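Me: I would like to learn how to read helix packing, sheets and chain contacts in a model such as this one. Could you take me through them one feature at a time?

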Amino acid sequence: MGISVEGANKRFGDFQALDDVSIDVPDGSLTALLGPSGSGKSTLLRAIAGLEDLDGGLVTINGEDATTKPAQKRGVGFVFQHYAAFKHMTVYDNVAFGLKIRKWDKAKTSARVHELLELVQLDGLAGRFPSQLSGGQRQRMALARALAVEPQVLLLDEPFGALDAKVRKDLRTWLRRLHEEMHVTTIFVTHDQEEAMDVAGQLVVMNEGRVEQSGTADELYEHPANEFVMSFVGEVNRLGDDFVRPHDMEVVLDADERTQEGLVQRIVTLGFEVRVELVLSDGTEVWAQLTRAELQRLELREGQIAYLRPVQAKSFNGSSSSTDGASTPHGTPDGGDAGLPAAV
Amino acid sequence: MAANAPSRWSLRFLGLGYLTMLLLIPLVMIFYKTFEEGIGPPLDAITSPDGLHALKLSVLMVAIAVPLNTIFGIGCALLLVRHKSKLNPVIDAVINLPFAVSPVVIGLSLYILYGTGGWFSFIGEEGFKILFAVPGMVLASIFVSLPFVVRETVPVLQEIGTDQEQAASTLGANGWQTFWKITLPSIRWGVAYGIVLTTARVLGEFGAVTIVSGSINGQTQTLPLFVEKQYANFNETGAYGASLVLAVLALITLFAMNLLKRKEDA
């Protein structure tokens, strides 16, 4: 059950959009397809919806082979980044569209439309045209329209991409709650890792037409399969072969055998968080994330020498991982986890 | 950058002066000349059997050519915008042909094709008269007015994109339902604008129709041909009267076009 894609391939001219992609989306889950632009995530979503034909591979929706089914017969609800509102129709007619196609009678349609408009908090605006709505309202209308026909799966293509930051945050909280109520299998595409982690239970990280890793937000953050995933799901510094998260960089004033010397170049205060940028002796630029309290305790100033101690580092070259000074071999052939004993 | 007052005024004066000299004065002269001897003579000319027949024939041309070119135009625009192919630039260029080629040449080409010894002359020999009859005139009218609906619809189709159509298909609409409920309503003002321009062109067409019709009084004369015949026969009042009818029809279409423009902007 749920949605599964096996060995999907898609080429646009010289560009390989999907390269042997397989994913499994459990029934009733909320899954994010996460990746940079051009990673194939939207193409994959559109292939599931039937808006894009695959060159090869299988799409299964709720146990049924949907690979060659046209979009109108797949029973999917699709929400577009730019809303795709029917501009010449009122909000009511937009939401009622799928029901009218299914030849519902008037009373039933009206009841269903108002139920959905209430759900998306647009009940008073049924008579308006899309041009009279804000971006957030248009996207909620598009969502109501997709949900009206009781789709087996809900697919959202960067649904909040065109909205401003505040509305975006409200809407994603709202989408998560909606999913908790409705339990319809949902996939949503985003390039924003914070959004993906905030909303989705399961994440699929894509890059250059391939799936890099899938799992929960914690799994991806704590055990990234490779360098790409590690740097895509969070900030990262590179120290030789090791990758260290900025919040895993301890800044101290006294050197010991596990520290590296650095020159404090810039201190940026971002509210609670403080960003300390340093240059190491070999010229590498790194940054450490501290709290205000830590900064005040250290009395750091720009231009002074400080010492860095990676608390937790990762290496993906399959061999040992080490942080300067304290050589602690870790790392498995498929990507090691080199948490230093002192810190974990 | 705002132009200063004197230059703004002189620009306006130039623009309006140009329009007055070249467009308004000639049109006003028609009005004046038509009613110089009262309303009687021009009215007689228009209501003469030949005049009425010419009016009827002109309306018939519009009634046949405009719907056909509208259907063809929408289909062709959809093909050009929605189905990318290497042939598209060629189709695009061919559609513009009637704009580039002189109507007289179009008339001649039809004459060669359907006249004695032409490739399609057998149709006439079967008893279905094309040249010097209404079918030939319809063909000429369609030819000269073909590009308008395509040209006006293509940019609108490009602008609306495919998102709405795809949304409709995920909601269960088939291709036909999507076309009627989503695509056509979205492009309706572009199409309407194209229809108005097509109508104006068909009403006013002279060159191509003259050649294929033979301009036989009371048989194969549209209004422009009637005007020309009256003028050539020194019945100037009749010519002016018929011209006036044409001018009024043109003004109505122009007015309709302006109305549509405003609707589109709203």
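Me: Is the crossing in which H3(B) passes H8(B) left-handed or right-handed?

Reply: This is a predicted model, in which local features need pLDDT of at least 70 and side-chain atom pairs count only at pLDDT 80 or more, while totals for chains, interfaces and linings use all residues. Residues are numbered from 1 along each chain as its sequence is written, and chains are lettered from A and ligands numbered from 1 in the order in which they are written. A crossing is called left-handed if the near helix is turned anticlockwise from the far one by less than a right angle, and right-handed if clockwise; H3(B) passes H8(B) in a right-handed crossing.

Me: At what angle do H3(B) and H8(B) pack, and how far apart are their axes?

Reply: Two packed helices are described by the angle between their axes and the distance between the axes. Axes here are lines fitted to C-alpha atoms, for helices over the stretch in contact, and angles run from 0 to 180 degrees between N-to-C directions. Helix H3 of chain B (residues 49-82) and helix H8 of chain B (residues 134-145) pack at about 45 degrees, and their axes are 9 Å apart. Angles under 35 degrees count as roughly parallel, over 145 as roughly antiparallel, 65 to 115 as roughly perpendicular and the rest as oblique, and H3(B) and H8(B) are therefore oblique to each other.

Me: Which residues of H3(B) and H8(B) meet?

Reply: Two residues are in contact if their C-beta atoms, placed from the backbone, lie within 7 Å. From H3(B) come Met61(B), Ile64(B), Ala65(B), Leu68(B) and Asn69(B), which meet Met137(B), Val138(B), Ser141(B), Ile142(B) and Ser145(B) of H8(B). By class, this contact has seven nonpolar, three polar and no charged residues, where Ala, Val, Leu, Ile, Met, Phe, Trp, Tyr, Cys and Pro count as nonpolar, Asp, Glu, Lys and Arg as charged, and the others, Gly among them, as polar.

Me: How many helices and strands does the secondary structure of chain B come to?

Reply: Helices (H or I, at least four residues) and strands (E, at least two) are DSSP runs, numbered from the N terminus. Chain B has 14 helices and zero strands, whereas chain A has nine helices and 19 strands. The C-alpha atoms of chain B fill a box of roughly 70 × 65 × 30 Å along the principal axes, and the C-alpha trace of chain A spans about 80 × 45 × 35 Å.

Me: What share of the residues in chain A is buried?

Reply: A residue is buried if 20 or more other C-beta atoms lie within 10 Å of its own, exposed if 12 or fewer, and partly exposed in between, with C-beta atoms placed from the backbone. Buried residues are 43% of the 344 in chain A, and in chain B 37% of the 266 residues count as buried.

Me: What is the strand order of the six-stranded sheet in chain A?

Reply: Two strands pair if DSSP finds at least two bridges between them. The open sheet of six strands in chain A has the order S6-S7-S8-S3-S9-S10, with mixed pairing, and its edge strands, each pairing on one side only, are S6 and S10. From one strand to the next the twist averages 15 degrees. Helix H4 of chain A (residues 135-148) packs on this sheet, touching S6 and S7 (153-157), and its direction makes about 170 degrees with that of S6(A).

Me: How many residues of chain A are in contact with chain B?

Reply: There are 19 residues of chain A in contact with 15 residues of chain B. On the side of chain A, the elements giving two or more residues are strand S6 (76-79) and helix H2 (91-101). By class, that side has eleven nonpolar, five polar and three charged residues.
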